[in-house]
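Take a look at the structure below before reading on. The text then walks through it step by step.

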Amino acid sequence: MTPDCALELRGVTKRYRRFALADVSFSVPRGYVCGLVGPNGAGKTTIIKLIMNLVRRDAGEITVFGLDNRRDEVAVKSRIGFVYDSPGFWEDRTLETQRRVLGAFYPAWNDRTFDRLAAEFELPMRQTFGKLSRGTKMKFALAMALAHDADLLILDEPTAGLDPVFRREFLQRLSGLLLDEGKSVLFSTHITSDLDRIADYITFVNRGAVAFSLPRTELLDTWAVVRGDEPALRLLDPAIVRGRRKGRFGTEVLVSDARAAAGTAGPAAVVDRPTLEDVMVLMAGEPDHAS
Amino acid sequence: MLRSLLFKDLRLNPHLFWGAIPFFAWVAYALHEEGAPVGMLTAVSGLMGAATASTIAAREDRFHATALLASLPVPRSTLVLSRYVLGVAAGSAAFAVAAALAALLPWSPHGLAAILDVRSVMMAFVVIGTAVAVLLPAALRFGLVGVVGLFAALQVAGVGLFFVSSTFGYRQPLRLVFGSVESGILALHARLSDAGFAALVAAALAVMLWASYRASVWLVGRRDL
């Protein structure tokens, strides 16, 4: 295992009848936030389920703080706080009851921390879970994930389906908590703007494979989107081309070396700093260019 | 950990436990007629116990809480074990409550001693153990669909057997099978003392529950959530 890794996947494979995750490898360093991005159906949730041992891997190795996620399942899960896309709490029971019941499973459960978060998130503790809005459900799930002092947070599309105002508030609270406590986080999302403020690393998954896993600053500083007409873009070195999309007003090419692109593309081409959304859209467009 | 799991089931599903009491009051009332089968009490209570554990598993499926439970720091084998403990405990409690109600209701012709004789208690445990052992693997692996599917399969099998026996007159082979099992058990009982026979039944029940538990652990371990 790589030292100082909160989470490491090596050669993880899972085959379904119509979909396969192939040879997935990436790591999340301790104390950092890793964004797991990719289009819907790319395999992000399957990766998270494999980490949580909710599905059985066919090959590979998954370690959490150096412990195998299957062999040392109890120790590993004691250190993980999770928030799933559809939090599966009991719809007809109050938040208070569920907090009491589920907290008992964690040796490091802290009622004070939970109460503080519940007050901060304004959780209606006497309300049944089923009557809450999606945003409040996610806040409850987040409070549950944080109240046992987890070292690694795994968040699977926590902002999907939230309105923009609520999403911003949720992310602000999350980033505040993360800054305060220095936790390691794996944050899966297809809404790339969620990661603009908080992610240190970006792991891009497409069609069941990891296309790249890089520090966010490196990605945004060294990669580029080149826009222009076909003759100018044809001058680009194919080795640096990672994605391409043909639009109504021209062609966009994603390259992994902005300097080289600026030197080789013709004057009719414009080289821009990419956004995470550019990266996702362009890479998802043409699978052959992913490496 | 097992205690936390049982506490969870009690706290999150109290209506399943309290809601059964009026039902048992009705069962006890139904026993007030002279000659009413006391065996019904054991059968109903056993099935109720197994149904409680299966219903809790099915409720978790309905709320998509199965993945949440499997994400807690608890081995899946312990999750499975807690269902078996709950099923047997709920069945035993159901039998005890039903027996107490049947004996204590003012119109009941049965005394507590008559209901709680060794034969009834043994019968109750056989019914409870068998119901738990048969229902739980399906409930834990396939959720509510598994329970419904199992009952549907049993019903179809029953109808099929009835059809085969009435249409083709194949009653003899069926009678032969069930008859030989029955006579074998009776012969064994005749050879052994009551205590020896009870111990043998208890041992067989324990083996059946253990085999069912191992099968459930295997099935649940391979279940992708």
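What follows takes the chains in turn, then their contact, then some individual residues.

One caution comes before the details. This is a predicted model. Local features are described here for residues with pLDDT of at least 70. Totals for chains and interfaces use all residues.

Start with chain A. It has eleven helices and 14 strands. Its C-alpha atoms fill a box of roughly 65 × 40 × 35 Å along the principal axes. Is that chain compact or extended for its length? A compact globule of 291 residues would have a radius of gyration near 19 Å, and the 21 Å of chain A agrees with this. Of those 291 residues, 44% count as buried. Contacts across the sequence can also be sorted by separation. In chain A, 72% of the contacts with a separation of 6 or more join residues 24 or more positions apart.

One helix of chain A shows the burial well. Helix α11 of chain A covers residues 276–285. Seven of its ten residues are buried, so α11(A) is largely enclosed by the rest of the structure. The buried residues are Leu276(A), Asp278(A), Val279(A), Met280(A), Leu282(A), Met283(A) and Ala284(A). A charged residue, Asp278(A), is thus listed among the buried ones.

Chain B is built in another way. Its secondary structure comes to ten helices and zero strands. Read along the sequence, the pattern is α-α-α-α-α-α-α-α-α-α. The C-alpha trace of chain B spans about 50 × 50 × 35 Å along its principal axes. Chain B has 225 residues, and buried residues make up 31% of them. Among its contacts between residues at least 6 apart in sequence, 82% join residues at least 24 apart.

How do α3(B) and α6(B) cross? Helix α3 of chain B runs over residues 20–30, and its axis comes within 8 Å of that of α6(B). The two axes cross at roughly 45°. That angle falls between the roughly parallel range, under 35 degrees, and the roughly perpendicular range, 65 to 115. The helices α3(B) and α6(B) are therefore oblique to each other. Their crossing is right-handed. From α3(B), the contact takes Ala20(B), Ile21(B), Phe24(B), Ala25(B), Val27(B) and Ala28(B). From α6(B), they meet Ala94(B), Val97(B), Ala98(B), Leu101(B) and Ala102(B). By class, this contact has eleven nonpolar residues, no polar ones and no charged ones. Spacing along a helix matters here. An α-helix has 3.6 residues a turn, so residues three or four places apart point the same way.

Now the second pair. Helix α6 of chain B covers residues 76–104, and helix α10 of chain B covers residues 194–221. Their axes come within 9 Å and cross at roughly 140°. Roughly antiparallel would need an angle over 145 degrees. The pair α6(B) and α10(B) is therefore oblique. This crossing, too, is right-handed. On the α6(B) side the contact is made by Arg76(B), Ser77(B), Val80(B), Leu81(B) and Tyr84(B). On the α10(B) side it is made by Leu209(B), Tyr213(B), Ser216(B), Val217(B), Val220(B) and Gly221(B). The classes here are seven nonpolar, three polar and one charged.

Next, the two chains together. How many residues does each chain bring to the contact? Chain A gives 23 and chain B gives 19. On the side of chain A, α2 (73–78) and α3 (95–103) each supply at least two residues. Helix α2(A) gives the most, with four residues. The residues on this side divide into twelve nonpolar, four polar and seven charged.

Last come some single residues. Asp23(A) has phi near 50° and is found in strand β2 of chain A, residues 20–29. Phe65(A) also has phi near 50°, but lies in the loop between β4 (59–64) and β5 (67–68) of chain A. Phe65(A) is partly exposed, with 19.

In chain B, Val121(B) sits in helix α8, residues 118–168. Val121(B) is partly exposed, with 17 other C-beta atoms within 10 Å. Its C-alpha atom is separated by 7.8 Å from that of Thr42(B), 79 residues away along the chain.

Technical notes. Residues numbered from 1 in each chain as written. Chains lettered and ligands numbered in written order. Predicted model: local features only at pLDDT ≥ 70, side-chain atom pairs only at ≥ 80, totals over all residues. Buried ≥ 20, exposed ≤ 12 C-beta atoms within 10 Å, placed from the backbone. Contact = placed C-beta atoms within 7 Å. Axes fitted to C-alpha atoms, helices over the stretch in contact; angles between N-to-C directions. Left-handed = near helix turned anticlockwise from the far one by under 90°. Rg over C-alpha atoms; globule rule 2.2 N^0.38 Å.
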